[in-house]
Amino acid sequence: MDVDKMLAHAGDFGRYQYLLMLLFSVINILSTFDYFGQLFIFVKPEYWCHLPELAHLPRGDVRRIWSPPQDASCSRYDTNLTTVGLVNGTPDWRGTNWTLRACDSGWDYNLTDGYRSIISELHWVCDDSWKPAVAQSMFFVGSVLGSLGLGVMSDHVGRLPVLILANMLALAGNVATVFTSGLPEFAFCRMVTGLATDNNFVMMYIIVLEYMRPDRRTLGLNLCIGVFHTLACIAVPWVAIWAGYWRLFLLMITLPNIVVPGFYFCVPESASWLLSKGRVQQALKCFRRVAAFNGRTLPPEVIQTFERSAKLSVPQGTGNLLGLFRTPRLRRKTCILIFKSMVLTLCFDAISRNVDGLGYSPFVMFSMTSLTKFPASLVILLLQDRLGRKAMASGSLLMSGVFTIASGLVIAFVGAKSVPMVTAALAVVGRFGVNIAYSSGAQYAAELIPTEVRGQGVSAIHMVGYAATFFSSHILYLANYSRAIPELVLGSLSIIGAALCLLLPETLHRTLPVTLGDGEAFGEGEGIWEFAWCQKPDKKCHHHNSAVDLVS
């Protein structure tokens, strides 16, 4: 009598699961605002040296006529510009000092859509242009520390307390950020906010996954992610424009986190985690709660069978993260999941950075590129429970890699400007594949990692993925040598990741591993070419292994 069988008696896709999906949708919106909101703190507008002697002139004329064309942002002509006359509307530079000097009277800004970011407020430009990069890097330092630290904590104190703690750290860090006025305190507050990243989402993800019927997990989870994550991504830049000021914007997107402590009264602790700790009666209480909300009653004989079964299967000792690397099969699966997370996060981040500087408003560009997330979720909804996790993970990475490399080859041999529609189409398909792989990757990892270390295992995998984003800017910098190199590197990494995913076992219609021993044995005897979609009675798949029945 395992968790899935108990849920079948308590209701595994009823009113209670709808409630969990609703609350998970709220978490999707809050975590999306928290992660992507930071991009709009650092929006970099067009800027140029303030010329006090020409303050009476329109700013557009000052920028167009009186600023040095080669470096208007950080320098000005070393002369009193009021002594320079105009000839046919252009300055008469004859006899004028053409040398330049650094800006010494501040800067003027052409605010993008009227939005005032921290860069224009604190003048983090020119000699101080390194400050936004440091502040953003501290956010990801916090993400790495928080992903591991809170992940380990979740396997000791439970998923629900860590979910609430993570969202409160995001709230505290963002509110504190609003009242900062210099780099040291700003960077520290961003690091505190970063501690919440991933755990403010993935803990709720794990809870919903474990309380839902296996054949409805893809529908329930990806429906919430596809709809509400996409809507939040589309909305966040317009919330910033509506706020008009980065401090007000930060308050608007973070104050709703105050509702998350209320989840304590309506979200259950993970029953699988409780059982892995030997807390059978608390797990049974959670099942009774689910059954009551779904209008059901657990039969006494079911409760007795469950108690006997749970007591016989109580694990001895407590697993930890290192246990994922002690045995050969589980170690191989964990290393593949880590590499896949690095590839997905790195490619996703690099592609997002690669759309900057296209001459369009960053607010519009962000909303437009976010639209690709919803079709990716629809593809997952339609195909993941038919093709299986392994086929989706490997196939989407392969598609992304092939089309990204094709885009790089076109750029290298033809030139992006010669066939812009072709390169754009190839890049969009490549990005679409990354979206599919990224959206489905969290579920695959959560299902493969055993319950007793699922919190810290999933968090550690995501942590390494976040750490890999350090290299995204360096990969994009290679475009200075050849514009095609970033596409070729990212595409090659995706194809390698696709090949390694073939070594992972299928999880569709399988009872998920609870202990480290279960994780070691999970998928034993399964071949690399065995996929869920070809495991059918008509034996269309030539590589079917009767010892592993994925649809039983």
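1. Leu371 is partly exposed, at a relative accessible area of 42%; buried means under 20%, exposed over 50% and partly exposed in between, with a 1.4 Å probe and protein chains only. Leu371 sits in the loop between helix H15 (362–370) and helix H16 (373–387). Helices are DSSP runs of H or I with at least four residues, numbered from the N terminus.

2. The model is predicted: local features need pLDDT of at least 70 and side-chain atom pairs count only at pLDDT 80 or more, while totals for chains, interfaces and linings use all residues. Residues are numbered from 1 along each chain as its sequence is written, and side-chain values use heavy atoms, with hydrogens and water left out.

3. Trp238, Val364, Met368 and Leu371 make a nonpolar surface patch of about 370 Å².

4. The axes of H16 and helix H17 (residues 389–413) come within 6 Å and cross at roughly 125 degrees. H16 is therefore oblique to H17 (under 35 degrees counts as roughly parallel, over 145 as roughly antiparallel, 65 to 115 as roughly perpendicular and the rest as oblique). On the H16 side, the contact (heavy atoms within 4.5 Å) is made by Val379, Ile380, Leu383, Gln384, Asp385 and Leu387; H17 contributes Arg389, Ala391 and Met392.

5. Leu426, in helix H18 (residues 420–448), is buried, with a relative accessible area of 15%. Leaving aside residues up to four places away in sequence, Leu426 touches Phe403, Ala406, Ser407 and Val410. Leu426 and Gly408 are 18 residues apart in sequence, and their C-alpha atoms are 9.2 Å apart in space.

Note on methods: Patches are made of residues with over 30% relative accessible area and no salt bridge: like charges are joined within 9 Å, nonpolar side chains (Val, Leu, Ile, Met, Phe, Trp, Tyr) within 5 Å. Accessible areas come from the Shrake-Rupley method with a 1.4 Å probe; for residues, only the protein chains shown count as cover. A salt bridge is a side-chain nitrogen of Lys or Arg within 4 Å of a carboxyl oxygen of Asp or Glu. Helices (H or I, at least four residues) and strands (E, at least two) are DSSP runs, numbered from the N terminus. Axes are lines fitted to C-alpha atoms, for helices over the stretch in contact, and angles run from 0 to 180 degrees between N-to-C directions.
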